[in-house]
Amino acid sequence: MNILLVNPYALAPDQPGGTRHFSLARALTAMGHSVVIAAGSFDHLTRTGSVPAGEPARRETREGVAFIRLRTPGYRGNGAGRLWNMLAFARAVGTVLPRYLGSWPDVVVGSSPHPFGARAAMGLARRLGVPFVLEIRDVWPRSLTEVMGVSPLHPIVWVLERIERELYRGADRIVTLLPKVARRVEERGGDPAGITWVPNGIDLAMIPPLDEPRDEGPFTVMYAGAHGVTNALDVLVDAAAILQERARLLPRRPALVLVGTGPEKPRLEAKARRLGLFNLTFRPPVPKREIYGLLARADAFWASAADSDLWEHGISFNKLYDYMAMGRPTVLGVRCSTNPILLSGGGLVVAPGSAQAMAEGVERLLLAGPGGRRAMGAKAREFVEAHFDMRRLAQAFESALLAAMGEGCGGAHAS
């Protein structure tokens, strides 16, 4: 198959952030397919651009995977500038991308968020007369109203809800990262029978040989990921304050690390300074290919998410699979019955939004000793290898695309 993946936020391993589509593309290429990823030129995480002014797009190959970077404007925050960036990407998918494809795709995959890009991908598929597969990475606009604080009465929410229904109804097949999204799709006119679950996972070829962490010196607990509202990192900063007060009672001094960047980072750094935290360190983001070397320095990991009913659809946080692949335990503050830490026994799940619970979770891991942590880490690694190996996930992804091609184009519910 010639596969066109449209994701405005797709990244390569020399960039910080998740590399889902890079890893899928590499696995699909090894299976005999040809894959091109269409992405925006402006990096949402680092706020940097990759296509010079005067060029509408640039085609490049990263470690054997073809990218077409569509030139999109920069922005700060989540206001009008970001909306303009989304609309510019959608427009470029329809007007610029076809000139850079090189070969006719057999199937087009549009990944959401953002819905504008996915909708443009569906329009391109219709023009080319090929099947369209929608990938749901996040449920917009529900994420905006329940986690980002956008009013349900905001006009943009109304627009996004219309696009959401259009995508669910128009897709020939739906791939989702969230295991329990079928009900929402059905309520909005989509066909739940046409859904394939393909979560995020781990590219085991990127994981270096692992050493056992030493049971001496500071007890390093690391977070690596975006610093946005959804990540609820205030909980980790407040937990660091609690742990700083209790450090003298513990056999090893907790050393807490936040790696990455995002719109919340300056405020979090200022808060840590205001609280006088010397046990919490902020580090800049690193490219994906370097993150595992950094994670290997940790004794354990931590992560949190805003307390929300949104997670009833399930979660698929990239960082969790990275953590689990390192064979270390994780403390996770999220309310979700299908989260992999809970299912694997690879760590502790604590109450979301509670710094006290997060601090107590870190203490419990510390007091579990090297044997206890090793046992949890082994469960995490075994679970992620068994269920979230990108090579196996690529097979499920391939099956969804083949099913879409078998069903033709026009959408199971296209009007």
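Reader: Is Arg335 buried, partly exposed or exposed, and what is its relative accessible area?

Author: Arg335 counts as partly exposed because its relative accessible area is 42%. Buried means under 20% relative accessible area, exposed over 50%, and partly exposed in between (1.4 Å probe, protein chains only). This is a predicted model, in which local features need pLDDT of at least 70, side-chain atom pairs count only at pLDDT 80 or more, and totals for chains, interfaces and linings use all residues. Residues are numbered from 1 along each chain as its sequence is written, and side-chain values use heavy atoms, with hydrogens and water left out.

Reader: With which side chain does that of Arg335 meet in a salt bridge?

Author: Side chains of opposite charge can pair when their charged atoms come close. A salt bridge is a side-chain nitrogen of Lys or Arg within 4 Å of a carboxyl oxygen of Asp or Glu. Here Arg335 meets Asp307, at 2.9 Å from N to O. Asp307 counts as partly exposed because its relative accessibility is 46%. The structure holds 31 salt bridges; another one joins Asp299 and Arg252, with the closest N and O atoms 3.5 Å apart. Both Asp299 and Arg252 are buried.

Reader: Which residues touch the most other members of the largest nonpolar core?

Author: In soluble globular proteins, nonpolar side chains tend to be buried together. A nonpolar core is a set of buried Ala, Val, Leu, Ile, Met, Phe, Trp, Tyr and Cys residues joined through side-chain atoms within 4.5 Å. In this model the largest has 113 residues, and Leu97 and Trp302 touch the most other members.
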